[in-house]
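Subject: Structure handover

Hello,

Here is the structure I promised to pass on. Please look it over first; my notes follow below.

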Amino acid sequence: VRELRTLFNLFDCGKVMDPASEKLQKMDVDGDSEDENNSSEEDSSSSEEIVSESTLLERCKFIPLRVTPKERKFLRLIEAALQVSDYTSKVDIRSWSKKQIMEEQILEICATISGLMVACDFKEGTELVIDRKFKDNAEFFQNVFEVGRRFKIMNPEKMRTEYGKLLYLLQDAVSSDIQSALKFKCKRSIKTVLDLLKEKGGIPLLKDPLISVATMDVIEGKKTREQIENEIKAKEKAIKDLSEKYKTEHISTEDIELCLRSIADNNSFLRSNCDCLDQMIEHLQTRFKPDQEDKKFSLKITPGKGGARLSHGHKTQYHYVLQSLTLWREIMKDMFKLWYLSEEDLLSERNYYRLMDTGQGLNRVQNAPSVYSAMHKILNTLHRRLGSWVGSSVVHLGDHNVPNALMFIDKYTQVPRIINPIIGCIREIDDMVKTEGIKVYVNKIFGGPENLKTYILCDFFKHGFDGSGADNFFDAGSCIDGRLTSAWNWCSKLHKKDYYPIFRLSGFVGFDGSWQK
């Protein structure tokens, strides 16, 4: 069935699926046949509604615990050790035997961490190194590596180079050959909210109605300072009340507060990553109508024109953009789950990788069955909700496009970095035109601020989703990952657009953010 679907997608790129083809897409071996409670919801629902769609218990399976002040000492150790390490440069090379190289590099990082620990805390550090071998400190190294992974999941914008080294190091360390040479395991499971509550008998906490107040994300919006302060006080009071109510001899108030603040961090992540997509969907639905084509702001794209590789009429492109933005929103909603599954695939002892030249240098090519299954469940849900599907449903994982699950995670954490600057520019235009000189410029060149907003959005909806960015349709085109490739291609050409000065005036610096702290 999967081969037939792939064949169908290759021949039907860029076309709206007919009912028979839609039925074929739904016949997925990993498909989820359960009815969805949110099938009647609009795509522009708020992040609070997103959170309530799944049970809190299910979400807590994948919410990492916030890094405690004591654990931040471990975080500084692993960051410092990875910053000076050349692990991937020395290991990911063409060689007949790399076992000795891997072993030496892993032990070198462990030695660096031990030395930094001595410098950081002399008493505790000397206890680790005097008359002890690395295998005697296995639990210490497991905790240090786990803290780094947990911090990265909670803060995707941090450790952008160090995290890749860390995962590749652990990926090598879990192999039976390296483990037997090291004589200890470097990997341990991520600490999650549900793990802590199960261990200490705190599950009833998740069923308390007050938890929604204790974990809410306080945002400024159009609220007064007094309203914001009142919300913060209500949140802190709810945390204190719940901590006192559910503390026992097994679970302390500090443990309960840690769980509540970790859930609140997850709510904040959902708001910051999903709200921008909600706003972009709202702009699409309010400024463009699928059945009303404005010749000046038509979404129609033609192959070869403006770099486009797809051929879509206005209505088809409208639905293609809408489903792509909705797909990204669903991925952001389940990002912690997908991240958890990605690490499971990457660090599986039975899931080996191959070092291959993918056209962008040597990369570790590895299957990701857990992530692949989860992505198809998301796609099946969207198929049922949207009713029709434009383009291909191929998910690239474990090939030269997306070599492994780490690349998958890195790819989709870029979505907010693409969308937020565009939303910010659109929002700032009204304030810009309050300056007389800019107002004259906008009116003369673009025909007014509203025309300028629609013009920018129209260009993004057309050429950010036109199948460009690769050499062939299989690598880009209308496949699931190709949609994001096209968006990045549009970002790379922003400096050539006639409205680029407007982005600079809005405070835009770049899409990629900072690679440092």
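**What was found**

The protein chain has 24 helices and 2 strands. Both are DSSP runs, numbered from the N terminus: helices are H or I with at least four residues, strands are E with at least two. The model is predicted, so local features need pLDDT of at least 70 and side-chain atom pairs count only at pLDDT 80 or more, while totals for chains, interfaces and linings use all residues. Residues are numbered from 1 along each chain as its sequence is written, and side-chain values use heavy atoms, with hydrogens and water left out.

The chain has 517 residues, and 51% of them count as buried. Buried means under 20% relative accessible area, exposed over 50%, partly exposed in between (1.4 Å probe, protein chains only). Now contacts, meaning heavy atoms within 4.5 Å. Among those between residues at least 6 apart in sequence, 75% join residues at least 24 apart.

Next, a helix pair. Helix H5 (residues 72-83) packs against helix H9 (residues 138-154) at an angle of about 90 degrees, and their axes are 8 Å apart. Axes are lines fitted to C-alpha atoms, for helices over the stretch in contact, and angles run from 0 to 180 degrees between N-to-C directions. H5 and H9 are therefore roughly perpendicular (under 35 degrees is roughly parallel, over 145 roughly antiparallel, 65 to 115 roughly perpendicular, the rest oblique). H5 brings Arg72, Phe74, Leu75, Leu77, Ile78 and Glu79 to the contact; residues from H9 include Phe140, Val144 and Phe151.

Phe140 is buried, and so is Phe141.

Helix H15 (residues 253-287) holds Cys259. Cys259 counts as buried because its relative accessibility is 0%. Leaving aside neighbours within four places in sequence, Cys259 touches Leu65, Val193, Leu196 and Leu197. Val193 is 66 residues from Cys259 in sequence, yet 5.6 Å away in space, C-alpha to C-alpha.

Phe269 is also found in H15. Phe269 is buried, at a relative accessible area of 8%. Phe269 and Phe336 lie 67 residues apart in sequence and 9.6 Å apart in space, C-alpha to C-alpha.

One last item: the charged end of Arg364 sits over the ring of Tyr168, 4.4 Å from its centre. That label needs NZ of Lys or CZ of Arg within 6 Å of the ring centre and within 35 degrees of the ring normal.

Best wishes
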